[in-house]
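Please keep the sequence and the coordinates at hand while reading.

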Amino acid sequence: MLPLSLKAPAGAPLSVLAIGAHPDDIEIGAGGLLLGLAESELQARYVVLTGTAERHQEARNAAYAFMPGADLAIDLYDLPEGRLPAAWGSVKEILEDTARSCAPDVILAPSPDDAHQDHRTIAEIVPTVFRDQLCLAYEIPKWDGDIGRPSVYVPLPVSTAHRKLELLHKCFPSQRGRDWWDDEVFLGLARLRGMECRARYAEAFTCTKSVIVPAAFARANAQEKDLP
Ligand SMILES: [Zn+2]
């Protein structure tokens with residue numbers, strides 16, 4: 001299959017906005033993709049809506065670990081965990097503030113089909129605030145069993161899949177005791193998604209709208225933009 005590549009715009013690094021309801025969401029859902037993007041020049045904004053001081057420290061450490069060398073801005077908020085639907089206005093305000101101060105090429109956010117109410121609230125608001133970006137919704141395995149049918153796959157080199165696991169354990173020690181926090185869950189899902197895209201491991205996303213442009217049109221569109 002011909003892969004679509006995430007190419008940086010001319011003259012600037014690729015810019016990514018990663019949004020999570022809770023510390024560790026972004027890394028579980030898109031940690032492998034972030035590790036890959038950070039191998040090239042990367043501008044990243046990392047936003048987490050809930051969390052205690054301890055969990056915020058974990059999120060901060062993880063952002064730097066998963067995006068080493070990136071030009072990174074981190075915004076951590078302490079909205080009430082598990083109750084983001086009731087904080088809808090605050091979530092919207094935070095995302096609107098974020099949109100006013102950055103114009104990312106790519107947004108990584110939870111999925112509107114996610115069974116967790118906090119994830120879903122963010123997912124519902126993202127497209128009302130950001131209307132000119134490629135939005136990829138990541139997936140998070142959970143008790144609710146909401147694993148869906150993704151539309152976009154990011155094959156992960158084996159070394160990256162293992163590095164993701166290593167960093168998840170290292171960056172989020174507070175989560176180690178949870179019965180779902182283990183290598184088999186993370187690597188099992190990555191193996192399944194890998195099988196679905198003919199790779200060993202992969203992360204999977206859903207994308208509800210994307211734009212593809214033949215090279216000739218890209219040139220023509222750029223020239224038309226320059227016209228008075
Ligand atoms: Zn979460």
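The sections below take these topics in turn.

## Basis of the description

This is a predicted model, in which local features need pLDDT of at least 70 and side-chain atom pairs count only at pLDDT 80 or more, while totals for chains, interfaces and linings use all residues. Residues are numbered from 1 along each chain as its sequence is written, and side-chain values use heavy atoms, with hydrogens and water left out.

H22 lies in the loop between β1 and α1 (25–37) and H119 in helix α4, so the pair ties together parts that are 97 residues apart in sequence. Helices (H or I, at least four residues) and strands (E, at least two) are DSSP runs, numbered from the N terminus. H22 is buried, with a relative accessible area of 7%, and H119 is buried at 3%, where buried means under 20% relative accessible area, exposed over 50% and partly exposed in between (1.4 Å probe, protein chains only).

The 14 residues of helix α3 (residues 88–101) should span 20 Å at 1.5 Å a residue, and its end C-alpha atoms are 20 Å apart, which agrees; the expected span is 1.5 Å times one less than the number of residues. In α3, V91, K92, I94, L95 and T98 are buried. They cover an arc of only 165° around the axis, which puts them on the same side of α3, the arc being that of the directions from the helix axis to the C-beta atoms. On the other side of α3, E93 and R100 are exposed.

Helix α5 (residues 158–171) buries T160, A161, K164, L165, L167, L168 and C171. These buried residues pack against α1, α2 (53–66), β6 (152–156), α6 (183–196) and β7 (201–206).

## Nonpolar cores

A nonpolar core is a set of buried Ala, Val, Leu, Ile, Met, Phe, Trp, Tyr and Cys residues joined through side-chain atoms within 4.5 Å. In the largest one, with 43 residues, V16, L42, Y46, M67, L108 and F205 touch the most other members. Its largest share, seven residues, comes from α1. A second, separate core of 18 residues includes L17, I19, V47 and A87.

## Two individual positions

T50 is found in strand β2 and is buried, at 0% relative accessibility. Leaving aside neighbours within four places in sequence, its contacts (heavy atoms within 4.5 Å) include A21, H22, P23, H56 and Y77.

A103, in the loop between α3 and β4 (106–109), is exposed at 63% relative accessibility. With neighbours within four places in sequence again left aside, A103 is in contact with S15 and Q133.
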